[in-house]
Structure formats: C-alpha cells, structure tokens
Amino acid sequence: MSYLLFLLLLAAGLFVYSTYAVLRSPRKYTATPEAVETLSRFVGLPSLDFRHASALFDPSDYKLIVSDPRLAQTAAQFREDRRRLALDWLKLLEKDIFLLWRFRRLLTVAGVFEGVQAEVAIAGRVILIVILIAGLRMSVAIAGPFAFSATASRARESVRSFSLYCATAVGRMPIYQLNALERRWRELEMGSAS
Amino acid sequence: MGRLSYVVFYLGFTLQVVLLGRLVKIKIWKHYPFFFAYFAPTVIHSVSAVLILLLKPQWYQAWYWADYLTSTPLRFAVAWEIFRQVFPANSPARRVAGCMLVIVLCTLAICFYVRPPVDLPLPDVIRKMGLADAAWILVVLAMAKYYSRPLGRNIRGMAFGFLAYVSTQVGLYSARELFSALRPMWSLLTSLAFTYMIVVWLFSLWVYAPNEAPVIPDERVRSAALANWAQQVNAIGLAIRKATRL
C-alpha cells in the first residue's frame with residue numbers, strides 16, 4: 001500500500017515537473033553587446049541598473065536588529081524604510097516594463113514584425129509581468145518586503161529577459177534606420193511627457 | 001468506454017494522424033528513426049482500435065491489453081532516440097552518460113527483482129516499465145545538464161512529453177489499485193494521458209529543430225597546438241640556459 005502510494009506521489013511529481021518544463025520557455029535571447037548598447041541608447045532602465053535591488057528584500061539586517069529587544073523601535077523604523085524603498089523600486093520596475101513594451105510596439109511599427117502570434121505572445125507576457133509586479137507591490141505594502149525576496153528577483157529577471165528580447169529585436173534593425181527610429185522615439189517620449 | 005472517453009480517444013487519434021502527416025511531410029522521421037519506430041506502430045494501433053470499436057466492440061478489451069503489452073517495450077526506442085540525440089556517437093560525454101545510464105538501470109532492475117509484485121503481475125510489469133523509462137529520461141536530462149548540452153526544441157518536447165506520459169502510466173496503475181473509484185474513469189484517464197503526450201509532440205516536432213552538434217576536438221589542431229607548445233617550452237629552456245651561462 002505504502003509502496004503504491006509512494007509510486008503515485010513520485011509519478012505526480014514527475015508529471016508536474018515535465019509539464020512545467022514543457023511550459024517553461026527555453027528561449028534564450030542572443031542579444032549581442034552592441035544590441036544591448038543600442039537599446040540603452042533608446043531606453044534607460046533605472047530599475048535594472050540598480051544593482052542592489054535584492055538587498056532591499058534581504059531580511060538578514062532586519063533579523064539582526066530585531067533580535068535585540070532594546071532596538072525594537074529601530075527595527076520597526078528600519079522595516080518601514082525598507083518597505084518604502086522596495087515599493088519605490090517596484091514602481092520603477094513597473095515603469096520600465098511599460099517603457100519597454102512601448103518601445104517594442106514602436107519596433108513593430110518600424111518593421112520588426114514577427115507575426116501576429118508573436119505579438120499576442122509579447123502582450124500576454126508583459127501583462128503577466130505587470131500582474132506579477134502589481135501583486136508583489138500589494139503584498140509588500142501589506143506584509144513588508146522581507147518575505148518576497150525570491151518573487152522580487154523573479155520579477156526583476158522577467159523584466160531583464162524582456163529587455164534582452166527587445167535588444168535582440170533592435171539588433172535586427174538596419175543601422176541606417178536607427179536614427180529615424182530614435183527621432184520617432186524621442187517625439188513619442190516628449191509627447192507622453194507633455 | 002464512456003462518451004467523453006470516445007471524444008478524447010478520437011481527438012487523440014486525429015492529432016496522431018496530423019503528427020504522422022507532419023513528420024512525413026517535413027521528413028523529420030529520417031532524423032529520428034527510433035522515435036518513429038515507436039510512433040508509427042501507435043498510429044497503427046489507433047487505426048486498429050477505431051476499426052475494432054466500429055466492427056467488433058466486444059473484442060476491444062482483450063485486444064487492447066495484448067496490444068498494450070506488445071507496444072510498451074517499444075517505448076524504449078523513444079528513450080534511446082533521446083539518448084542518441086543528446087549524446088551522439090561522436091560526443092566525448094557519451095561513454096560517461098552511457099555508463100551512468102547502465103548503472104541506474106541495473107540498480108533499478110535489482111530493486112525490481114528483490115521486491116516481489118504487490119498486486120496483479122500485469123499492472124506491476126507496466127509500472128516497472130514506466131519507472132525504467134522515467135529513470136532513463138531523468139538520467140539523460142541530468143547528464144545533459146551536467147555537461148551543459150543544450151536540448152533542441154524537438155528533443156526537449158520529445159523528452160518531456162514522454163516523461164509526462166510514462167509518469168501518468170506509473171501513477172494511474174498505482175492509483176487503480178489504491179482507489180477503486182477510479183476504475184470507471186480508466187479509459188478516459190489513459191486516453192487523456194496519451195493525448196497530452198501527442199499534443200506536446202505535435203508542438204515540439206512541428207518543425208525540424210535539432211540539438212546543437214557537440215564540439216569535438218580536432219586531432220590535427222590538437223597535435224599542432226601540442227607541437228607549438230613543445231617548441232615554446234624548448235625556446236624558454238634554451239633562453240634560460242643561455243642566460244645562466246652568461
């Protein structure tokens with residue numbers, strides 16, 4: 001009986017693993033350093049440039065302070081500061097993903113079109129990332145930043161992966177079109193700012 | 001078979017025919033002959049099943065088990081295809097991966113031999129064969145990860161679709177003995193598992209996307225580099241001897 005139960009659980013685990021592996025996208029974007037450089041010419045991504053994002057969600061400092069009962073007030077203040085900083089960074093991350101999406105749409109209009117299926121997949125992917133970030137922001141606002149370290153790094157990785165995808169796309173554009181694209185992008189940016 | 005079972009069965013059959021057509025159309029079967037050696041008989045099996053269900057439904061059950069037992073060993077052809085694609089004959093890691101595979105399968109065989117069947121011999125044999133298939137695929141995937149061998153779209157889909165299918169076989173044949181309430185849904189669950197595998201294969205084998213060829217050290221280049229290195233070492237030795245004489 002226990003042997004059969006073990007086999008059943010093992011089989012369920014294997015099935016879940018294989019389904020996850022099938023659904024997980026194995027795509028790796030081969031964005032050249034030049035393409036990444038070109039992308040950074042168009043889109044600045046401050047949330048990804050901030051290298052210490054994982055430290056915002058790291059609870060080790062907080063645990064150290066909270067372990068001393070005399071520092072309870074300091075610990076609460078520390079936690080609140082970290083929460084605020086984490087929320088600011090998540091807001092920045094959300095802004096970046098929207099900026100990248102907008103840029104990707106401009107690339108489509110400029111001629112980097114991969115078909116309707118790819119366009120739908122891009123939209124779906126961005127919506128999922130936005131939902132992830134929104135959920136994370138809500139969770140951090142309610143429960144603080146320290147329980148969501150893994151989710152935050154996953155959200156960052158998703159945005160980074162999407163930026164590489166955009167860099168790959170921009171890398172496929174002929175160089176002579178880049179100036180016109182940059183002009184159009186600046187116009188759009190100014191339009192949205194005003 | 002219930003009505004839903006028929007729907008899933010015919011859906012799976014249709015997808016099988018589509019996949020067969022695609023494999024033949026883009027001639028992908030030439031690249032994966034062992035995979036095709038398993039897949040083609042399953043299509044014949046499904047055609048026969050359709051004919052028997054239409055003409056002599058009372059024969060279906062007996063025919064199903066006989067056919068299932070003869071086709072189950074053929075699943076090792078898929079496992080072998082995955083192994084030979086991930087570690088081709090000229091791959092330096094093939095021998096290590098092969099040894100690891102033999103060790104794991106032998107260990108599994110000893111465990112099976114030591115442990116007597118817990119219930120009827122037929123489900124026990126099916127479970128053990130499923131476990132051996134799953135172990136094979138897991139070892140190949142682990143070795144591919146260890147040697148950083150990338151999996152192409154075709155092999156990735158083939159491996160994970162197959163792993164999902166064999167794990168459902170192990171799980172279903174265990175659950176069948178544990179929960180008798182599952183028995184009326186039996187044909188539906190097995191058809192669903194098979195159809196799921198065909199869907200995964202259909203998506204992954206729609207286009208030919210093979211694995212990257214492994215980097216094989218060129219013997220000529222290696223010996224030239226070795227000669228160059230020896231020459232450089234001699235030159236350094238000569239320079240040191242000259243310097244010490246001075």
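Asp124(B) is a buried residue, with a relative accessible area of 3%; buried here means under 20% relative accessible area, exposed over 50%, and partly exposed in between, with a 1.4 Å probe and protein chains only. Before I continue, please note that this is a predicted model, in which local features need pLDDT of at least 70 and side-chain atom pairs count only at pLDDT 80 or more, while totals for chains, interfaces and linings use all residues. Residues are numbered from 1 along each chain as its sequence is written, chains are lettered from A and ligands numbered from 1 in the order in which they are written, and side-chain values use heavy atoms, with hydrogens and water left out.

I begin with the partners of Asp124(B). Asp124(B) forms a salt bridge with Lys128(B), with the closest N and O atoms 2.8 Å apart; a salt bridge is a side-chain nitrogen of Lys or Arg within 4 Å of a carboxyl oxygen of Asp or Glu. Side chains of opposite charge can pair when their charged atoms come close. Asp124(B) also forms a salt bridge with Arg127(B), at 3.3 Å between the closest N and O atoms.

Both pairings fall within one helix. Lys128(B) belongs to helix H6 of chain B, residues 121-146; helices (H or I, at least four residues) and strands (E, at least two) are DSSP runs, numbered from the N terminus. Asp124(B) and Lys128(B) are 4 residues apart in helix H6 of chain B, about one turn of the helix. Arg127(B) and Asp124(B) are separated by about one helical turn, because they are 3 residues apart in helix H6 of chain B. Arg127(B) is buried at a relative accessible area of 1%, and Lys128(B) is buried at 14%. Leaving aside neighbours within four places in sequence, Lys128(B) is in contact (heavy atoms within 4.5 Å) with Phe112(B) and Arg115(B).

I turn now to chain A. Chain A has 9 helices and 0 strands, and 37% of its 194 residues count as buried. Among its contacts between residues at least 6 apart in sequence, 84% join residues at least 24 apart. Which residue forms a salt bridge with Arg82(A)? The partner is Asp61(A), at 3.4 Å from N to O. This pair links distant parts of the chain, with Arg82(A) in helix H6 (residues 72-110) of chain A and Asp61(A) in helix H5 (residues 60-66) of chain A, 21 residues apart. Arg82(A) is buried at a relative accessible area of 12%, whereas Asp61(A) is partly exposed at 39%. Over all chains, the structure holds 13 salt bridges.

Finally, the contact between the chains. How many salt bridges are counted between chain A and chain B? The count is 0. The two chains bury about 1,800 Å² between them, 79% of it on carbon and sulfur atoms; buried area is the accessible area (1.4 Å probe) that two parts lose on being put together, summed over both. On the chain A side, Tyr3(A), Leu4(A) and Leu14(A) lose the most area to chain B, together 31% of what that side buries. The contact takes 17 residues from chain A and 24 residues from chain B.
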